[in-house]
Protein chains: 2
Amino acid sequence: MTTFDLVIQNGTLLTMDPENRVIENGSLCVSGDSIAHLGAHIPGGYKSGKTIDAKGGLILPGLINGHTHAAMSLFKGLADDLPLMEWLNHYIFPVEKNMDADFIYTGTQLACAEMILSGTTCFCDMYLFEDQVAQAAFQSGLRCLAGEVLYDFPSPNYGDLESGFAYTQWLIEKWRDNPLISIAVEPHALFTCNPELLQRANQLALTHERPMILHFAETLAEVEEIKKRYGKTPLEHLDSLGILGPHLIADHAVHLNPSEIDQMAEHGIRVIHNPESNMKLGSGIAPIPRMIDRGITVGIGTDGGASNNNMDLFTEMDMAAKLHKVQAMDPTVMDALTVLKMATIEGARALGLSHETGSLETGKKADIIIIDTHKPHLTPMYNPFSHLVYAARGQDVSHSIINGQLVMENRQLLTLDLEEIMARAMEKAKDVRKWVSNP
Amino acid sequence: MTTFDLVIQNGTLLTMDPENRVIENGSLCVSGDSIAHLGAHIPGGYKSGKTIDAKGGLILPGLINGHTHAAMSLFKGLADDLPLMEWLNHYIFPVEKNMDADFIYTGTQLACAEMILSGTTCFCDMYLFEDQVAQAAFQSGLRCLAGEVLYDFPSPNYGDLESGFAYTQWLIEKWRDNPLISIAVEPHALFTCNPELLQRANQLALTHERPMILHFAETLAEVEEIKKRYGKTPLEHLDSLGILGPHLIADHAVHLNPSEIDQMAEHGIRVIHNPESNMKLGSGIAPIPRMIDRGITVGIGTDGGASNNNMDLFTEMDMAAKLHKVQAMDPTVMDALTVLKMATIEGARALGLSHETGSLETGKKADIIIIDTHKPHLTPMYNPFSHLVYAARGQDVSHSIINGQLVMENRQLLTLDLEEIMARAMEKAKDVRKWVSNP
């Protein structure tokens, strides 16, 4: 008799596999960290360490937040609706100057709680003190691709750039072979990183076969600045430095012309779309439908808590679907399935993690969420993909399993002490208020 | 000793009154259907029939959904991402042809459940069988401005147009003096109503001092059609019919030029913005910041369940704030307070209901919601307005009081049998599937 560690029953399986199989009244079996079986029934006799009744809900791969600065969850609502430079100079910079490792650890734990509670099982982070980010993610049970931000200025974490490269290399070694955490090389952006920094980061990424992740063509101001400094568009600038390649993940990718999109596709560059942040900061609308049309792998992210201000990937999907329809004045653009793929299998591909997550397939890691559809706003249900993108919210997620571990059961977090984290977050917010009023 | 029927304590009061007073650790007292007192403390001794502890959360006026077709909640997710004519001809029309009074009653109850659960206390409806809509709203305890849709075709409810006017007049009489329900005159749109219909509807509205509500300048196709038929823009056409005036509520109002906006302001025409519907159907972006700038009263609505597909006004606010920022490429456009006003006091003004709802003021009807902020995605809180627009979701509403009646307590509906409604909705969905497959 087969023994599974966990069996989920009585739900519609949305596999997001290459055939996009949907299995009604299906079951999914987990052994250790992996999916051992899924289908309409479980063959033969079996025993199960734990059984979860999905109660007719939806069972799907956990969502993937392709770009965030998790600890900025401590800044959400601190300052909104302001011109960019006022926002940066009066709020973000004074705060970031004062942050320390414990601040980042607390902020990331808070974000991890929010992410698990809204159905995210994997996130990609770029910020300071990333060892603390990795620790907080690992402790919460979340899958995470983390990278310390590198730029031309001294860092409150590592100090000078030389130490920044050493720190990144140390992170790569420290977290090598961790089942949940992997490390990327993450220069901040073209306007904050000189060419030598970018080339050295690129070399480090290639040597360790790690992704290189950077903010890219996010604002018109950035494009203008790069043109002024180098006489080139951001993509031309990267190309001239010999950096284009499939290890590159471009966050935002808003201001690009059609031929640049073709060039990105040729080089296998992956993109993370951040619609809410791009809207809230007035950055612009990334040409995502064209990118997908050209075969570029596109994931979706929330960006940080100060420019969104939530980490709910369900509403991020809703926004993405609707934003591109109205821009194109065409309701057929960015259909629900395409958008859900961005948050699951395409998001996993964008981060280079599709061998382990992003779909429900035998042998893949068990990263799974269950949606409770027994609610008026999800009743009746004609099309699960439509409901997930246009009607569901993060708070409809009832269970979350990551790498085979049950991290949320009936909306109760099992890996994090929510009360304790929120109490510490409120303490940190007192520091933030102080830093902002006495910059 | 004063006796109140209900006292809410221990929360931050966001009054949305003319001074936009925010009262921390405030109390609010209800007597009968009205707000009897609100402030930092309750003077003198008092007794209370019921006391609610807001647990440090936010206490604010209930949200106002300025435009919806509530019963279409039964169609959400039925068909998305389709060209308009395919959506209408293959899905919406076959279904609407078959609907009856019981269908509308069930669909409206479902929508009322969703609305209460997401913080809406008042909605404006336009659809068929509006007496059933009014009954369902009244039974659920929701405040509602309802109106039977009038157009050039026979209606599955009233039959010919003559009967439609009689039905509207009957509705006005039937619901006169009802504490929750009021009736509007609602011709569908300029392209579905001939000039005579519009003028007669207008006269009916003026005679009974009721608002006249219509879909207005929603799509470019509509504008082209009106130009083709009458050689005028939609506003010029209404003007030529002598219909412009402060009794007019224009839903959508997407395709208008600056001088038309000035003219609308001069005539005191009110507008309901429906950003998610306009985005999802690819209709366009209404020039809302300019309208507000010109002094036009603008509310916000979700539109029907088939073109959104949710009735969560929190995400509608989020979408509105972000949409106009990215269109203007300016993060200062449509700040959080402006947007929250659209869903509260300005929404009440737009519907002509600001004498009774939309703000927390002594003497006004007690339409109040409480937000549970003790959650990671709302922690810490620097600015309640920012959190309500950019971070909160309908499911964060813990309590709802309408016209002095507690309709939701700790997320439990007190006026509706949710299980029974969802069961009936699923039965109706079976009919819908049948109608669509055999149109």
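A salt bridge is a side-chain nitrogen of Lys or Arg within 4 Å of a carboxyl oxygen of Asp or Glu. By this rule, the count over all chains is 50 salt bridges. This is a predicted model, in which local features need pLDDT of at least 70 and side-chain atom pairs count only at pLDDT 80 or more, while totals for chains, interfaces and linings use all residues. Residues are numbered from 1 along each chain as its sequence is written, chains are lettered from A and ligands numbered from 1 in the order in which they are written, and side-chain values use heavy atoms, with hydrogens and water left out.

**View 1. Salt bridge between A:R393 and A:D318.** The N to O distance is 4.0 Å. A:R393 lies in the loop between α14 (384-390) and β16 (397-402) of chain A, and A:D318 in helix α11 (residues 313-328) of chain A, so the pair ties together parts 75 residues apart in sequence. Helices (H or I, at least four residues) and strands (E, at least two) are DSSP runs, numbered from the N terminus. A:R393 is buried at 2% relative accessibility, and A:D318 is buried at 1%. Buried means under 20% relative accessible area, exposed over 50%, and partly exposed in between (1.4 Å probe, protein chains only).

**View 2. Salt bridge between A:E346 and A:R349.** The closest N and O atoms are 2.4 Å apart. Both residues belong to helix α13 (residues 345-350) of chain A, 3 residues apart, or about one helical turn. A:R349 is partly exposed, at 37%.

**View 3. Salt bridge between B:E346 and B:R349.** The N to O distance is 2.3 Å. B:E346 is buried at 19%, whereas B:R349 is partly exposed at 37%.
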